[in-house]
Amino acid sequence: MIVVAGEALIDLVPRTAGALAELRPALGGGPYNTAVALGRLGSPTAFCSRVSSDAFGEALLDGLREAGVDVSSVQRGSEPTTLAVASIGVDGSAAYSFYVEGTADRLFTAPAQLPDTARAVSFGTCSLVLEPGASAYEELLRSCAAQGVFTALDPNIRAVLIPDADAYRARFLSWLPSVSLLKLSEEDARWLGGSPREWLAAGPAAVVVTRGGDGLTVFTRDGAEHSVPGEKVDVGDTIGAGDTVNAALLHGLSARDALSPAALAALGPDDWTGLLRFAARAAAITCSRAGAEPPYAAELGAP
C-alpha cells in the first residue's frame, strides 16, 4: 500500500475570465489529488489526513472512496474545509489564494501507526507549511524514514502561505535526509534556490524535476541524468498535473518493485526513461481536462 499524507481542500475554479467570474467548486489539494490518481491507476492506496465533517469534507471522502482509496486513517474535525481560489492564466497555468484560518486539515496529528502494509508514504504542499499540522507531518516523515519506509516529497511551493522564506528553505533542507524520492517543478527549484545535485548529496536517492510541457528530468546519485519530452496536448488547465506525476512515479516504481532507496538507485536508463514517459503521458491527460481529473489505468497502459 502507498500512503499519501497531506491536505484535502476545495478548489474554487473560475468558469470564465474576470475577477468576479462564477466559481466552480472542485475536489483538490496536492496530496488529495495524488491519492486519487494512485487509486485510479490501481495502486492500493490510503489517505492520511484530517478532513472536515462539513459537506465539502464529505464530498472529499466520497471522491477518495470512488477512486478505491482507503480512508480509515483519515481524522475528522468540525472545523471548516480549507478553500483555494484559483485563477487560470492564458497558458492554462493556475495560481491560488487560500482561506486556511481555523480549518480542519491544519489540525492534523501524527498517527500512532500507519497500515501494516504501507510500503511508501508521500508528503507535500500546504500540509508542510501550515502549523500545527506541519510539525505533525514532519514528525511522520521522519518516523517513516527511521523505520525504513520509502518516502516521497513534493514541496509544491505555495509562496503566499510561507511567511518566512528563509526559514522554510532551511526546514526543507532538514527534511532531505529522510526523503527517498524528491520531485519538484522547475519553479519550485528556482524558489528554493538549490540544485538537484546539492539535494541528492543531502539524502534522496533520486530527484525528478518537472518542466511543464517540456517534460521531466531525473537526477540520480550516481551522477546520471535522464530526460523525456512532454506529451503534446491541448491544455484545459494544469491543475493537478504535478500531483499526477507524483502518482505515476510511485505507481511505476511499485510495479518495478523499486519502492526502496536501494532499488531506486539500481534503476537503469531504460527503467527511468519508461517511468518518466509514463508520468508525462499521465500528466498530459490531466492537463487536457478541466480541474484535477487524473487518468485511469485503462487510459495509460502499463507503466
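Author: Happy to, and let's begin with a helix pair: Gly 30, Asn 33, Thr 34, Ala 37, Leu 38 and Leu 41 of α1 touch Asp 243, Thr 244, Asn 246, Ala 247, Ala 248, Leu 250 and His 251 of α7. By class, this contact of α1 with α7 has 6 nonpolar, 6 polar and 1 charged residues. Please keep in mind that the model is predicted.

Reader: Good to know. At what angle do the axes of α1 and α7 cross?

Author: At roughly 45 degrees, and the axes come within 8 Å. The two helices are therefore oblique to each other. The crossing of α1 past α7 is right-handed.

Reader: And α7 with α9, is that crossing left-handed or right-handed?

Author: The crossing of α7 and α9 is right-handed. Their axes cross at roughly 145 degrees and come within 8 Å.

Reader: Which residues make that contact?

Author: From α7 there are Ala 241, Thr 244, Val 245, Ala 248, Leu 249, His 251, Gly 252 and Leu 253. On the α9 side you'll find Leu 275, Leu 276, Phe 278, Ala 279, Ala 282, Ala 283, Thr 286 and Cys 287. The contact of α7 with α9 divides into 12 nonpolar and 4 polar residues, with no charged ones.

Reader: Nice. What about α3 and α4, how far apart are their axes?

Author: The axes of α3 (residues 133-146) and α4 (residues 165-175) are 11 Å apart, at an angle of about 25 degrees. Angles under 35 degrees count as roughly parallel, so α3 and α4 are roughly parallel to each other. Ala 134, Ser 135, Glu 138, Leu 141 and Arg 142 of α3 meet Arg 171, Ser 174 and Trp 175 of α4. That contact of α3 with α4 has 3 nonpolar, 2 polar and 3 charged residues.

Reader: What lines the largest cavity?

Author: Its lining is Ser 122, Ala 152, Leu 153, Asp 154, Leu 181, Lys 183, Asn 246, Leu 249 and Leu 250. At least two of the lining residues come from each of β10, β11 and α7. By class, the lining has 5 nonpolar, 2 polar and 2 charged residues.

Reader: And how much space lies in the largest pocket?

Author: About 1,200 Å³. Of the 48 residues lining this pocket, Ser 185, Glu 187, Thr 238, Ala 241 and Gly 242 are the closest to its centre. Elements giving two or more residues to the pocket lining are β2, α1, β8, β11, α5, α7 and α9. The lining of the largest pocket counts 21 nonpolar, 15 polar and 12 charged residues.

Reader: Great. Now the backbone: which residues does a cis peptide bond join?

Author: It joins Glu 131 and Pro 132, with omega at about 5 degrees. Pro 132 is in the loop between β9 and α3.

Notes
Residues numbered from 1 in each chain as written. Predicted model: local features only at pLDDT ≥ 70, side-chain atom pairs only at ≥ 80, totals over all residues. Heavy atoms only, no water. 1 Å grid on protein atoms, 1.4 Å probe; cavity = no way out; pocket = protein on both sides within 12 Å on 5 of 7 lines; lining within 4 Å. Helix = DSSP H or I, 4+ residues; strand = E, 2+ residues; numbered from the N terminus. Nonpolar A, V, L, I, M, F, W, Y, C, P; charged D, E, K, R; others polar. Axes fitted to C-alpha atoms, helices over the stretch in contact; angles between N-to-C directions. Parallel < 35°, antiparallel > 145°, perpendicular 65-115°, else oblique. Left-handed = near helix turned anticlockwise from the far one by under 90°. Contact = heavy atoms within 4.5 Å. Points joined across faces, edges and corners; volume = space filled by probe spheres on them.
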